[in-house]
Amino acid sequence: MIDPEDAVAPVAIVEGAGVKVGEGTVLHPQIGVEGGMVSNVFFTNTNPTAAAFMRVLGEVGAGSLSAKRLATTEHDADHTQGENDYGQFEYRADLRASYDYYLSDNDRVTAQDGLGLGALFRGIVHPGQPLQFLAYDNYSRLIRPTNFESNSNTNRDINDIKLQVMYAPSGRSLAGIIHYESIVDAFEQDTQKFADRFQNLIGFTLRYQWLPQTRVYADVSQGVYTGISSSVKVTSYPLMGLVGVQTLLSPLTSIVARAGYQNGFYASGPSYSSALAALEFGWRYAPQGHFSFLYNYLHNDSINANYYRDHQFFATLEHALAPFDAFIQAGVIFREYNGVIVNFDMPMYGTGTRDDFLALGAAEFRYNFKDWLAASLAYHLTIDNTNFRYTVDGVMEDPSYVRHEVLLGIRAAY
């Protein structure tokens with residue numbers, strides 16, 4: 001679903017005042033460059049290939065004028081967004097591009113150079129009114145090498161559309177939401193078209209503001225997931241029902257919890273009929289610092305199996321002490337795939353299982369010279385240990401891997 005409170009908030013690391021265009025629109029251009037090292041370009045289990053690389057980034061956004069742009073005085077600028085006259089339509093649209101360039105004399109590594117693309121649109125019709133229509137569209141071209149040293153890649157195009165109608169009568173605690181989502185997920189290489197998929201889901205949410213700091217909700221949704229064209233992806237009709245709560249235990253601690261039921265209803269092969277649950281605890285240990293711990297139990301559709309089941313454990317620390325920002329996250333996932341593809345030479349979803357243990361870590365430290373200029377240092381760790389094996393061109397492959405990535409960069413906005 002789309003949260004109206006941040007539906008059109010900017011997502012860029014830095015953002016300047018922008019360039020006013022017309023009466024109600026402002027442009028936000030941004031550029032950046034990053035450089036670093038990746039320890040395992042091809043996600044291999046043995047003899048990993050390391051390489052240095054550079055990434056050039058560019059982004060331009062256009063959207064409704066900010067509160068500062070709409071304000072006529074400093075006092076007005078301190079008021080909330082809802083107190084300004086945004087008219088009948090509020091929106092934000094962003095286009096972004098990045099080019100990865102590997103610094104290597106290995107032609108298989110340099111073959112992974114590529115252009116990443118993204119387009120994001122978010123809009124609200126009748127913002128702040130009892131009846132609102134919200135729209136979201138996010139397109140991404142994801143660049144990724146293969147899981148073995150090769151001149152080919154596993155680049156894919158994903159487009160995610162979300163539409164939502166929300167009715168929240170003024171002065172009432174109840175709100176009703178009808179939401180729809182459509183995802184197209186397609187690989188660019190012909191040899192990977194077997195995993196292309198099309199996912200549609202429609203649902204209804206009832207939300208109740210029980211206390212000033214407590215919100216409870218219930219949601220039920222039905223999906224139709226199919227393959228695209230020559231894809232061998234198994235059709236499914238996932239059904240989900242859940243109840244949830246968001247509340248403050250104290251001024252410094254919060255709880256977000258949900259529980260419910262899921263059923264995959266796969267047309268062939270393994271399916272799931274299971275509970276779902278998630279619990280997140282948050283603690284604001286300082287005015288500028290927040291710590292959270294999340295446990296999530298879920299089942300999701302998979303590109304290399306019918307579905308996967310996760311037990312996820314994540315801890316996150318965020319701290320802002322101007323001009324520094326810090327973000328640290330660590331977690332583990334116990335994942336089980338069911339109905340996996342056992343031979344990628346002749347793709348077919350079978351009845352086998354695959355067990356993975358994933359350890360994930362991320363840390364980013366940012367120095368904000370100005371609101372529009374920032375430098376960042378980022379580190380990412382991925383460990384995937386699995387008991388599964390598959391064949392590619394008659395060769396048995398172990399998809400386990402360890403991957404480190406370090407990036408140093410700078411971004412500027414106007």
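Me: How much space lies in the largest cavity?
Reply: This is a predicted model, where local features need pLDDT of at least 70, side-chain atom pairs count only at pLDDT 80 or more, and totals for chains, interfaces and linings use all residues. Residues are numbered from 1 along each chain as its sequence is written, and side-chain values use heavy atoms, with hydrogens and water left out. A cavity is a set of points, on a 1 Å grid over the protein atoms alone, where a 1.4 Å probe fits but cannot get out; grid points are joined across faces, edges and corners, and the volume is the space filled by probe spheres set on the points. For the largest cavity this gives about 40 Å³.

Me: Which residues that line the largest cavity are the closest to its centre?
Reply: Lining residues have an atom within 4 Å of a point of the cavity. The largest cavity has 12 of them. The closest to its centre are V14, E15, H28, P29 and Q30.

Me: Which strand gives the largest share of the lining of the largest cavity?
Reply: Strands (E, at least two residues) and helices (H or I, at least four) are DSSP runs, numbered from the N terminus. Strand 2 (25-38) and strand 4 (89-103) each supply at least two residues of this lining. The largest share, three residues, comes from strand 2.

Me: How many bridges pair strand 15 with strand 16?
Reply: Two strands pair if DSSP finds at least two bridges between them. Strand 15 (residues 307-321) and strand 16 (residues 324-338) form a hairpin with two residues between them, and R309 stands opposite E336 in strand 16. The two strands pair in the antiparallel sense, and the number of bridges is 15.

Me: Which residue in strand 17 stands opposite N338?
Reply: Strand 16 is also joined to strand 17 (residues 353-370), and these two run antiparallel over 15 bridges. Opposite N338 stands T353.

Me: Is F43 buried or exposed?
Reply: F43 is found in the loop between strand 2 and strand 3 (51-64), and its phi is positive, about 55 degrees, although it is not a glycine. Buried means under 20% relative accessible area, exposed over 50%, and partly exposed in between (1.4 Å probe, protein chains only). The relative accessible area of F43 is 7%, so F43 is buried.

Me: What is the relative accessible area of H126?
Reply: H126 is found in the loop between strand 5 (114-125) and strand 6 (131-142). Its phi is near 60 degrees, a positive value in a residue other than glycine. H126 is partly exposed, because its relative accessible area is 33%.

Me: Which residues make up the largest nonpolar core?
Reply: A nonpolar core is a set of buried Ala, Val, Leu, Ile, Met, Phe, Trp, Tyr and Cys residues joined through side-chain atoms within 4.5 Å. The largest has nine residues in all: F187, F194, A195, V234, Y266, Y272, Y307, I341 and Y349.

Me: What share of the residues of the protein count as buried?
Reply: The protein has three helices and 21 strands. Of its 414 residues, the share that count as buried is 42%.

Note on methods: 1 Å grid on protein atoms, 1.4 Å probe; cavity = no way out; pocket = protein on both sides within 12 Å on 5 of 7 lines; lining within 4 Å.
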